[in-house]
Amino acid sequence: MNRVTLRGNPLILEGELPEKGKSAPSFIALDENFSLKSLKSFEGKIKIISSVPSLDTPVCSTETKKISEMMKKFESPEYIFITISMDLPFAQKRWCGANGVNNVITLSDFKDKSFGKNYGVLIKENGLLARCVFIIDKDDIIRYIQLVPEISSEPDYSDIEENLKKI
């Protein structure tokens, strides 16, 4: 059982993190138009998936903006950046527009929670997603996982970028 903390208070994550080097689990989530998306929707792409509790919080907002900026170094049709949260799709769309972020695909896991459960990042106590970054290659193999132990902290962006360069 994995755990993270929020301001030092322990939280339990439901499910297990997938293993690096193994096939990425499937999931179903909703895009900004409430259309169903799955891992297969992004087949053949290198996927950077960032799970966050809510885009409308300072750390999640900062993280998404920083990774969006970093992804400009990897502008190519083979790379896609996905942020997934429990925010409703129209709230995610509003956030992107208000923050000028247009190179990220936002997905909402609020309906089925399948991403959170299948990737081991669903927080039992509040139903939100833990802060975690996954890099999944074109063949849907997980190449990198960074579970941030303290939810109120940002991930290590340089580590994400270095690992992305290795793909």
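These legends go with close-up views of a predicted model. Local features are taken only where pLDDT is at least 70 and side-chain atom pairs only at pLDDT 80 or more, while totals for chains, interfaces and linings use all residues. Residues are numbered from 1 along each chain as its sequence is written, and side-chain values use heavy atoms, with hydrogens and water left out.

**View 1. The three-stranded sheet.**
Here is an open sheet with the strand order β1-β2-β8 and antiparallel pairing. Helices (H or I, at least four residues) and strands (E, at least two) are DSSP runs, numbered from the N terminus, and two strands pair if DSSP finds at least two bridges between them. β1 and β8 sit at the edges with a single partner strand each, so one side of each has no neighbour in the sheet. Four bridges hold the pairing of β1 (residues 3-6) with β2, and V4 stands opposite L11 there. Two residues lie between the strands of this hairpin, where R7 takes a positive phi near 50°. On to β2 and β8, which pair over two bridges: L13 has I123 as its bridge partner, and E14 stands opposite L122.

V121 lies in the loop between α3 (114-118) and β8. Is V121 buried or exposed? It's buried, with a relative accessible area of 0%; buried means under 20%, exposed over 50% and partly exposed in between, using a 1.4 Å probe and protein chains only. Beyond its neighbours within four places in sequence, V121 is in contact (heavy atoms within 4.5 Å) with residues including L13, L17, S51, F115, L128 and F134. G15 is 106 residues away along the chain, yet its C-alpha atom is 7.3 Å from that of V121.

**View 2. The largest nonpolar core, and another one.**
A nonpolar core is a set of buried Ala, Val, Leu, Ile, Met, Phe, Trp, Tyr and Cys residues joined through side-chain atoms within 4.5 Å. The largest has 26 residues, and F27, I49, F115, Y119, V121, F134 and I136 have the most contacts inside it. Two or more residues come from each of β2 (9-14), β6 (79-85), β8 (122-123) and β9 (132-136). Apart from this core lies another, of 21 residues, among them V52, M70, C96 and V133.

**View 3. β9, β10 and I136.**
β9 and β10 (residues 142-147) run antiparallel, joined by five bridges, with I135 opposite Y144. Their hairpin has five residues between the strands, and D140 takes a positive phi near 65°. I136 touches A24, L39, K45, I46, K47, I49, Y119, I141 and I142, leaving out residues up to four places away in sequence.

**View 4. The largest pocket.**
A pocket is an open set of points on a 1 Å grid over the protein atoms alone, with protein on both sides within 12 Å along at least five of seven lines; lining residues have an atom within 4 Å of a point. Of the 13 residues lining this one, L6, R7, P53, T57 and I151 lie nearest its centre. Helix α1 (residues 58-71) gives the largest share of the lining, three residues.

Note on methods
On a 1 Å grid over the protein atoms alone, a cavity is a set of points where a 1.4 Å probe fits but cannot get out, and a pocket is an open set with protein on both sides within 12 Å along at least five of seven lines; lining residues have an atom within 4 Å of a point.
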